[in-house]
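Thanks for coming. I will walk through one structure this morning, strand by strand and then contact by contact. Please have the sequence and the model open.

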Amino acid sequence: MRARRLKRGRGVLGVWLLCLVSGPVSAAAIGMPERSDRIGLGLGYARLTVEDPAGASAAEWVVRPLNVVYTQPASGPYRYWAEAFYQDAVLPASTTDIGQRVRQLGLRASFQRRLGVPTVGSSWLGAGVQLARERFENRHRLDGAGFLAQSYPQRSEFIPALLLNYIVEAGLNGWDMAVKLEQSLPAGDGSREFSLSVIVLFGL
């Protein structure tokens, strides 16, 4: 099962990387100036589930309360995007799903290419990696009456993940607002997320 997930994730990442390196479009060609290094803060909303080794886990919409972002131009239409993040969420238990508290502290890094797609501002396609310290606490399953049926040991480990992201940005009087869609694909028994984030960026 894990091997199939990894194979599928590598295939999706391969297509994404092909889009990144094919047909570059310069910023000047689409009328957008090159930007300097920027830093920002983001707030997100994510569909979270866990690849739990003991069984299925529920999927839940959770808030991503803290994301610190840094972005730096690379050559041509490319740039680097990095994030430090913290997340604390609770997934509900049922007779079939393992409930647990999920805490994450980690870093994300992506390499992105500006697209020549007509949007309000500029759009970017990216791929990268995530490394997070993840803690899975209060792991349990309930019986049909809603009482505790089984508990599981706490887990805590560093888990890498592949990232695929798409960002749209618009400049607003000396600062920029970005909207980011991102999918994370864990390489092990970790958290899988699809997220929407709103980020405010300031030039350095």
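Strands here are DSSP runs of E with at least two residues, helices are runs of H or I with at least four, and both are numbered from the N terminus. Two strands count as paired if DSSP finds at least two bridges between them. One example from this pairing is Gly126, whose bridge partner in E7 is Asn165.

Before going further, two notes on the source. This is a predicted model, in which local features need pLDDT of at least 70 and side-chain atom pairs count only at pLDDT 80 or more, while totals for chains, interfaces and linings use all residues. Residues are numbered from 1 along each chain as its sequence is written, and side-chain values use heavy atoms, with hydrogens and water left out.

Back to E5. Strand E4 (residues 99–115) is joined to E5 by 16 bridges, and the two run antiparallel. In that pairing, Arg113 stands opposite Leu125 in E5. E5 also pairs with strand E6 (residues 148–151), again in the antiparallel sense, over 3 bridges. Here Arg141 has Gln150 in E6 as its bridge partner. E5 and E6 form a hairpin with 5 residues between them, and Gly146 in the turn has a positive phi of about 90 degrees.

Is E5 enclosed by the rest of the structure or open? Of the 21 residues of E5 (residues 122–142), 15 are buried, so the strand is largely enclosed by the rest of the structure. Buried means under 20% relative accessible area, exposed means over 50%, and partly exposed is in between, with a 1.4 Å probe and protein chains only.

**The whole chain**

The chain has 1 helix and 9 strands. From the N terminus on, the order is α-β-β-β-β-β-β-β-β-β. Of its 204 residues, 42% count as buried. Among contacts with a separation of 6 or more, 63% are between residues 24 or more positions apart; a contact means heavy atoms within 4.5 Å. The accessible surface comes to about 10,200 Å², and 66% of that belongs to carbon and sulfur atoms. Those areas come from the Shrake-Rupley method with a 1.4 Å probe, and for residues only the protein chains shown count as cover.

**Salt bridges**

How many salt bridges are there? The count comes to 16, where a salt bridge is a side-chain nitrogen of Lys or Arg within 4 Å of a carboxyl oxygen of Asp or Glu. One of them joins Arg38 and Asp176, with the closest N and O atoms 2.5 Å apart. Arg38 lies in strand E1 and Asp176 in strand E8, so this pair ties together parts that are 138 residues apart in sequence. Both residues are buried.

A second salt bridge joins Arg135 and Glu137, at 3.1 Å between the closest N and O atoms. Arg135 is partly exposed, at 29% relative accessibility, whereas Glu137 is buried, at 11%.

**Lys180**

Lys180 is found in strand E8 (residues 175–186). Is Lys180 buried or exposed? Lys180 is buried, because its relative accessible area is 0%. Lys180 forms a salt bridge with Glu182, the closest N and O atoms being 3.3 Å apart. Glu182 is buried as well, with a relative accessible area of 3%. Both belong to a network of salt bridges that links Arg64, Glu83, Arg108, Lys180, Glu182 and Glu193. Leaving out residues up to four places away in sequence, Lys180 touches several residues, including Trp81, Glu83, Asn165 and Tyr166.

**Thr49**

The last stop is Thr49, which lies in strand E1. With a relative accessible area of 18%, Thr49 counts as buried. A polar atom of the Thr49 side chain lies 3.3 Å from the backbone oxygen of Ala58. Not counting residues up to four places away in sequence, Thr49 touches Ser57, Ala58, Ala59, Leu91, Gly190, Ser191 and Arg192.

That is the tour.

Technical notes: A polar contact is a pair of N or O atoms within 3.5 Å; within protein, one must be able to donate a hydrogen and the other to accept it, and residues adjacent in sequence count only if both atoms are side-chain atoms.
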